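Dear colleague,

I am handing over the structure that follows, and below it you will find an account of what was found in it. Please read the two together.

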Amino acid sequence: MQKRVHVAVGVIINQDKHILLAKRHGHLHQGGKWEFPGGKVEANETVTEALIRELKEEVNLDVTASSPFMDISHDYPDKHVRLDIHLVKDFSNEALGLENQQIRWVPIYNLAEFDFPEANKPIVDKILAELG
Ligand SMILES: Nc1nc2c([nH]c(=O)n2[C@H]2C[C@H](O)[C@@H](COP(=O)(O)OP(=O)(O)OP(=O)(O)O)O2)c(=O)[nH]1
Ligand SMILES: [Mg+2]
C-alpha cells in the first residue's frame, strides 16, 4: 500500500502581498522543489495545531489567525498526499529558514515562475485568481 500523509500547509501572505516560499531539501520527497511551508499532521493534533507548530519550526512565524483555503488529494507514484491548505494573513515575527532551507517572499505575479510539486498547480491557480 502507498504511504499516505496528511499535511497542514500555509499560504502565508504579507502586507506587500508577497507569499512565503521555502525550498525543499534535495534528499526529501519532492526535493529541490519550492513549497508552501508546512508538514505532517500528527496523530494527537488538529490541522490548525499542526499548522501553527510547523510554521514555527520551519520558518519562525507565530500564526495568530488562519482560514481554510483549499483541500487537495494527490497521488504521487510513491505517496498519497492530502494537503490541507490554509491562508495565513495574521502572524508575527521575522521569517527565517530554521531548517537551513532557502526561503523567499515572492510577489503573487511571480509565483508561476517557480518549480512546485505537481500537487501544487491548483493552489497556485487559486492564489493568482483570488489574491493576485
Ligand atoms: N509542506 C508542503 N508539502 C507539500 C507541498 N506540496 C506537496 O506535494 N507537498 C508534499 C511533499 C511531502 O510529500 C509532503 C510533506 O511532508 P514532509 O515530509 O515535508 O513533512 P514534514 O514537514 O512534517 O517533515 P518530516 O516529518 O518528514 O520531518 O507533502 C507544499 O506546498 N508544502
Ligand atoms: Mg515540511
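For "binding site", an unreviewed UniProt entry lists Gly38 and Glu58; UniProt positions are given in the numbering used here, feature names are shortened, and annotations may be inferred rather than shown by experiment. These two residues span 21 residues in sequence, yet their C-alpha atoms are not more than 7.6 Å apart, so they gather at one spot.

Before going further, please note that this is a predicted model, in which local features need pLDDT of at least 70 and side-chain atom pairs count only at pLDDT 80 or more, while totals for chains, interfaces and linings use all residues. Residues are numbered from 1 along each chain as its sequence is written, and chains are lettered from A and ligands numbered from 1 in the order in which they are written. The mean pLDDT of the chain (the predictor's confidence in each residue, from 0 to 100) is 97, with 100% of its residues reaching 70 or more. The model scores are 0.96 for ipTM and 0.96 for pTM.

The same feature name is also placed by UniProt, again in an unreviewed entry, at Arg24, His29, Glu35, Phe36, Pro37, Gly38 and Asn120. Although this set spans 97 residues in sequence, no two of its C-alpha atoms are more than 14.3 Å apart, so the set gathers at one spot. Glycine 38 has its place in strand 4, whereas histidine 29 is found in the loop between strand 2 and strand 3; helices (H or I, at least four residues) and strands (E, at least two) are DSSP runs, numbered from the N terminus.

Which residues come nearest to ligand 1? Of the 17 residues around ligand 1, these are Glu35, Gly38, Gly39, Lys40 and Pro117, a residue being near if its C-beta atom, placed from the backbone, lies within 6 Å. Two or more residues of this shell are given by each of strand 1, strand 4 and strand 6. By type, the shell divides into nine nonpolar, five polar and three charged residues, where Ala, Val, Leu, Ile, Met, Phe, Trp, Tyr, Cys and Pro count as nonpolar, Asp, Glu, Lys and Arg as charged, and the others, Gly among them, as polar.

Turning to the sheets, four strands form an open sheet in the order 4-1-6-5, with mixed pairing; two strands pair if DSSP finds at least two bridges between them. Strand 4 (38-40) and strand 5 (62-76) stand at the edges with a single partner strand each, so one side of each is left without a neighbour in the sheet. From one strand to the next the twist averages 20°, with axes taken as lines fitted to C-alpha atoms, for helices over the stretch in contact, and angles running from 0 to 180 degrees between N-to-C directions. Strand 1 (residues 3-12) runs parallel to strand 6 (residues 79-92) and is joined to it by 10 bridges, and within this pairing alanine 8 has aspartate 84 of strand 6 as its bridge partner. Helix 2 (residues 121-130) packs on the sheet and touches strand 1, strand 5 and strand 6, its direction making about 135° with that of strand 5; contact here requires C-beta atoms, placed from the backbone, to lie within 7 Å. Strand 5 and strand 6 pair in the antiparallel sense over 12 bridges, and a hairpin joins them through two residues.

Three strands form a further open sheet, antiparallel and in the order 3-2-7, in which strand 3 (34-35) and strand 7 (103-107) stand at the edges. Strand 2 (residues 18-23) is joined to strand 3 by two bridges, including that between lysine 23 and tryptophan 34, while strand 2 and strand 7 pair over five bridges.

Methods
Contact = placed C-beta atoms within 7 Å.
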